[in-house]
Amino acid sequence: MKEYVEMAEKTLPAEGAKEKDVVRSAKERYSITYEKIWPEMEKLVKKDLELEELRKLLEQALSGSEGEKGDKKEGRDAPQGQKEDGETRPDPAKLRELLKQLPEELKKELEKMRPSQTGEEQPEKEKTRPDARNGQDVINEDKTEEEEENMEGKESGESAKGKKEKTVISGQEGGEKQEGNPLPLDQISDELKKELRKVFDGLSEEEKEFLQHMARKTLEYIEDEIVREFSGKLAEDEPETHVVFEARQKKEEKMKKLEEAEERLKREKVLVKHELEEIEKKQAKISENKNGYMRAYEEVRVLDDALYRRLDEIFTPNIKRNIKMKSAGLKPNLLKVFKWEAGIMAGAKALDSKIFESYSRHEKKDYVFFILNDMSNSMGNGGKIENDFKAKILLSEVLNRLGVKFAVAGFNDDFFQFKNSGEDLNDKIREKMNGMKMVEGYTDTGRALVTASRDLEKEFAKEKFLLVLTDGMPMTLEKDAPSETHRAVADILKKTSQKLIGIGLGPKTEFVREYFPASIVEEDVRNLPETLSALLEDMILNPEKYAYKNDR
């Protein structure tokens, strides 16, 4: 790599170079480093990592050897093969059994790596082996008991009498101090390395991950030491170690997550606020519509209650009014019996013998109503649509309380169905009926009559009523509206049993009598709710009055 390193050095710009020259030089230097130098460095790093994995494998195997000095040394007494820090440590006993299976010549070569086992003297320089659990150092020293006690007394104030070795943890957290001469795997044969690699590959994934983690931490520590040794002394800040880098990275990631969470919370608050505003708008609109209906209903509630009571008596009459007395029967009337007996005892010559009760059965009222309302432009004048709206609400609420089927529709140039006879008068329908106050267009009465009559004819009921409320003559731009209306009325009266009633709304509406044989005119639209109330009661009591007769 020397050639490319020198080449990269030559790309450094001269002092005082222009910015474009500095940028060009930087790009060139980056290209050389990334494309030429790093690929070779990557091979070396990979080789170092593989070698360090095997070193950790042997250290684990030797850390629990029977008879080895310092079996219970600090940092080496954790349960073998147990989870620590989320990883699984290989079992030293298992590793030793695997190493025993090596060929004899390779075992001998392996034994040379353990000077304490061969009787060789320890070098004067401290020898270190990384702690099996956390990648920290274990420094073995051959000291006398007295020297050890003195040393430990100075460092920790604790007595270490009876011990032969002492454990010293390096100051570099997560790394290893590489003083002395750790297991010299770079000096062993390729054949032994190959066999050790087979042993390594035979471990579980969790065990391999543990050794790989320890190997990376060792190399990171060595790298930090090299950087610290060769960094310039004039640098203001010390080079960042891997431990510091990881701590900073975790902190930055945590801060980033917090910022993202805060940003997400802000967006969610904006969305929630927007959704709440939309909900409030919809609720306000619904409330406005409901209030429009309910405000109108409040104004006619008194009429509703009075009309309901009268009509309810018609539909479900008081049973007492239907009792008739007969001279024979099954149920005697006690009051009549007492009077009859008292008369006999008194010697009365003429007595009323009708002392038995008899009930007359009322025919069930079977009605259906279709309310068809003019919604043309002219209905917007003189408060007609507002009073008409109240009248329709009155009829709708009363009929609904009585359980009588009814439909409500409007017309101008088009036809609008607000309620079908098969629907209940619920809040959704009430909200929809607010649309009856919309006025526009012309008065296409004939087409509306045909549509309404066709729908009404589908109903099964004894009495069918079609009410048409309008304030203007039939008129459209495309056809002869008056003639079409006459034909529609004639067809309804002659071809169906429907009772058709025309209702003129406001002054100058006597024309309804020209189109509808059964009709009324209410010039003062303020009285319309009362007028329709009386009309509804009369239709229910006397439906025959509104039947079409050919002699009219």
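This tour moves through a predicted model, from the whole chain to its nonpolar cores and then to one helix pair.

Of its 552 residues, 38% count as buried. Among contacts between residues at least 6 apart in sequence, 72% join residues at least 24 apart.

Next, select Phe369, Leu467, Leu536 and Met539. Within the largest nonpolar core, which has 46 residues, these four touch the most other members. To see where this core draws its residues, colour helices H9 (242–315), H11 (384–402), H12 (427–433) and H16 (528–541), together with strands S7 (367–374), S8 (405–411), S10 (463–470) and S11 (499–505); each of these elements supplies at least two residues.

Centre the view on Leu536. Leaving aside residues up to four places away in sequence, Leu536 touches Leu307, Leu311, Phe369, Leu395, Val398 and Leu399.

Then select Phe370, Leu372, Ala461 and Val468. These residues are among the 22 of a second, separate core.

Finally, display helix H13 (residues 445–457) with helix H14 (residues 481–495). Their axes lie 7 Å apart, and the helices pack at an angle of about 25°. Because angles under 35 degrees count as roughly parallel, H13 is roughly parallel to H14. The crossing of the two helices is left-handed. On the H13 side, select Thr445, Gly446, Arg447, Leu449, Val450 and Ser453; on the H14 side, Glu484, Thr485, Ala488, Val489 and Ile492 complete the contact. Classified by residue type, the contact of H13 with H14 comprises five nonpolar, four polar and two charged residues.

Key:
Residues numbered from 1 in each chain as written. Predicted model: local features only at pLDDT ≥ 70, side-chain atom pairs only at ≥ 80, totals over all residues. Heavy atoms only, no water. Axes fitted to C-alpha atoms, helices over the stretch in contact; angles between N-to-C directions. Helix = DSSP H or I, 4+ residues; strand = E, 2+ residues; numbered from the N terminus. Parallel < 35°, antiparallel > 145°, perpendicular 65-115°, else oblique. Left-handed = near helix turned anticlockwise from the far one by under 90°. Contact = heavy atoms within 4.5 Å. Nonpolar A, V, L, I, M, F, W, Y, C, P; charged D, E, K, R; others polar. Core = buried A, V, L, I, M, F, W, Y, C linked by side-chain atoms within 4.5 Å. Buried < 20%, exposed > 50% of the residue type's maximum accessible area, 1.4 Å probe, protein only.
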